[in-house]
Amino acid sequence: FFTGARPARIHLVFHYGDGRITAATRTYITEKSLNGENFTMQEYVVDPFARQMRQTEQRDEYLKLIDDQKNAISDFRDAEREAAKILETREKEEKHPELIKSLFVQLKEKKLMEANKPKEEDADAALKYDYLAPYLPKHHKKKALTKQEAQAVKDACLKALKERLIDRAHIIETRLEEEQAALTKRQLGYQRQDKDKSTDDEEYEKYVHEAQFKIQILKQRRDRHEEIAKTKFKEMIERLQNDPRLAILNQ
C-alpha cells in the first residue's frame, strides 16, 4: 500500500510464510536531491537464509511500484470525477424532476399514432401491393379499360395464379416420388442381403419407419394443396368479378 508520509514511501507487507508468525516487509523511501530522485530500501526478512535482492532488482521493483502508484492515483481521480458528476446530475434531477415514460407507454403511443395516420397512406400502401398491378396496362389510371383489355388482365392474373399453384404441387410431388424411390431401393437391397450375415435389421426397420412417415406427410401435403388450390382459384375468380376495374366484363 501507499502512504502520504514525507518523505514519500511505499510500504509492502507480504503474506505469512509456512510456519511463520511474522510477515516480511519492504519499504521504499523516495529521496529528492539536486541530482533528481533516488531511493533507499528498508527490508525486514523473516527467513535469515533467503537470498538478498540485488540493487538492480530493487531498482526494477521500485520503478514498477512508482508506475503502479501513478496508475492508482489516476484511477482514483477518475472515479472521484465520475462520482461528482453523478451527484451533480442527481441534484439537477431533484431540482427539476421529469417524467420518463415507460417502454409500455411508448409502445402504446406509437401504436396509437400509427392507427391515426391519414387514410391516404393506407391507400398508397394498397396501391403498392395491388394484386392486379403486374397485369394492368400503363394507361389504366388515366382511362377505363376496354372489355378486351379487362379480359386480358383477368386471364393473365388467373394464369399466373395457376402456374404458381402447379409449381408448388410439382415440388411436393417430386419430393414424394424421391422418397418413395429411395424406400423401394432400400427394400430391394435389404431383400438381397444374406440373412445369415445381416446385422442391420434394427437400422433397416428404423429407416423404413422414418421413410414411411415422410411419405405419409408428403401425401397429406399434396392432398391439402389440391384443396387449397381449388379454394384459392375460386376466391380469385370472385375477387376479379367484384373488382371495379374489371366491371366492364359483367356488362
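Me: Let's start with charges over rings. Where does Arg 239 lie?
Reply: Arg 239 lies over the face of Tyr 131, at 3.8 Å from the ring centre. Keep in mind that this is a predicted model.

Me: And which ring does the charged end of Arg 186 sit over?
Reply: That would be the ring of Tyr 207, with the charged end of Arg 186 at 4.6 Å from its centre.

Me: OK, on to helix H5. What span should its 42 residues have?
Reply: H5 covers residues 201-242, and at 1.5 Å a residue it should span 62 Å. The C-alpha atoms at its ends are 61 Å apart, which agrees with that expectation.

Me: Which residues in H5 are buried?
Reply: The buried ones are Tyr 204, Val 208, Ala 211, Ile 215, Leu 218, His 225, Ala 229, Met 236 and Leu 240.

Me: Why would residues three or four places apart point the same way?
Reply: An α-helix has 3.6 residues a turn, so residues at that spacing face the same way.

Me: What do the buried residues of H5 pack against?
Reply: They pack against helix H4, residues 147-191.

Me: Let's look at the largest nonpolar core, then. Which of its 15 residues touch the most other members?
Reply: Leu 132, Met 236, Leu 240 and Leu 246 do. The elements that give two or more residues to this core are H4 and H5, and H4 gives the most, with six residues.

Me: What is Leu 246 in contact with, leaving aside its neighbours within four places in sequence?
Reply: Leu 246 is in contact with Leu 132, Leu 145, Ala 150, Val 153, Lys 154 and Leu 240.
Me: What does the second core include?
Reply: The second core is separate and has nine residues, including Leu 12, Met 41, Met 53 and Ile 66.

Me: Switching to aromatics. How many aromatic pairs are there?
Reply: The count comes to three aromatic pairs. One of them is Tyr 28 with Phe 39, a tilted pair at 5.8 Å centre to centre, with 55° between the planes.

Me: What about Tyr 28 and Tyr 62?
Reply: Those two also form a tilted aromatic pair, at 5.9 Å centre to centre and 45° between the planes. Tyr 28 in strand E2 and Tyr 62 in helix H1, residues 55-95, are 34 residues apart, and the pair links distant parts of the chain. Both Tyr 28 and Tyr 62 are buried.

Me: Which residues do the ring pairs link into a cluster?
Reply: Tyr 28, Phe 39 and Tyr 62 are linked into one by their ring pairs.

Me: Last topic, salt bridges. How many does a search of the whole structure find?
Reply: It finds 12 salt bridges. Among them is Glu 43 with Arg 26, whose closest N and O atoms are 3.3 Å apart. That pair also links distant parts of the chain, with Glu 43 in strand E3 and Arg 26 in strand E2, 17 residues apart.

Me: How accessible are Glu 43 and Arg 26?
Reply: Glu 43 is partly exposed, with a relative accessible area of 36%. Arg 26 counts as buried, because its relative accessibility is 11% and the cut-off for buried is under 20%.

Me: What about Asp 68 and Lys 64?
Reply: Asp 68 forms a salt bridge with Lys 64, the closest N and O atoms being 3.1 Å apart. They are four residues apart in helix H1, which means a separation of about one helical turn. Asp 68 is partly exposed, at 29% relative accessible area, while Lys 64 counts as exposed at 54%.

Me: Which residues do salt bridges with shared partners join into one network?
Reply: Arg 26, Glu 43 and Glu 61 are joined that way.

Me: And how do Arg 54 and Glu 57 meet?
Reply: Their side chains meet in a salt bridge, at 3.5 Å from N to O. Arg 54 is exposed, with a relative accessible area of 51%, and Glu 57 is partly exposed, at 26%.

Key
Residues are numbered from 1 along each chain as its sequence is written. This is a predicted model: local features need pLDDT of at least 70, side-chain atom pairs count only at pLDDT 80 or more; totals for chains, interfaces and linings use all residues. Side-chain values use heavy atoms; hydrogens and water are left out. The expected span of a helix is 1.5 Å times one less than its number of residues. Buried means under 20% relative accessible area, exposed over 50%, partly exposed in between (1.4 Å probe, protein chains only). Contact means heavy atoms within 4.5 Å. Rings of Phe, Tyr and Trp (its six-membered ring) pair if their centres lie within 6.5 Å; planes under 30 degrees apart count as stacked, over 60 as edge-to-face and the rest as tilted. A charge sits over a ring if NZ of Lys or CZ of Arg is within 6 Å of the ring centre and within 35 degrees of the ring normal. A salt bridge is a side-chain nitrogen of Lys or Arg within 4 Å of a carboxyl oxygen of Asp or Glu. A nonpolar core is a set of buried Ala, Val, Leu, Ile, Met, Phe, Trp, Tyr and Cys residues joined through side-chain atoms within 4.5 Å.
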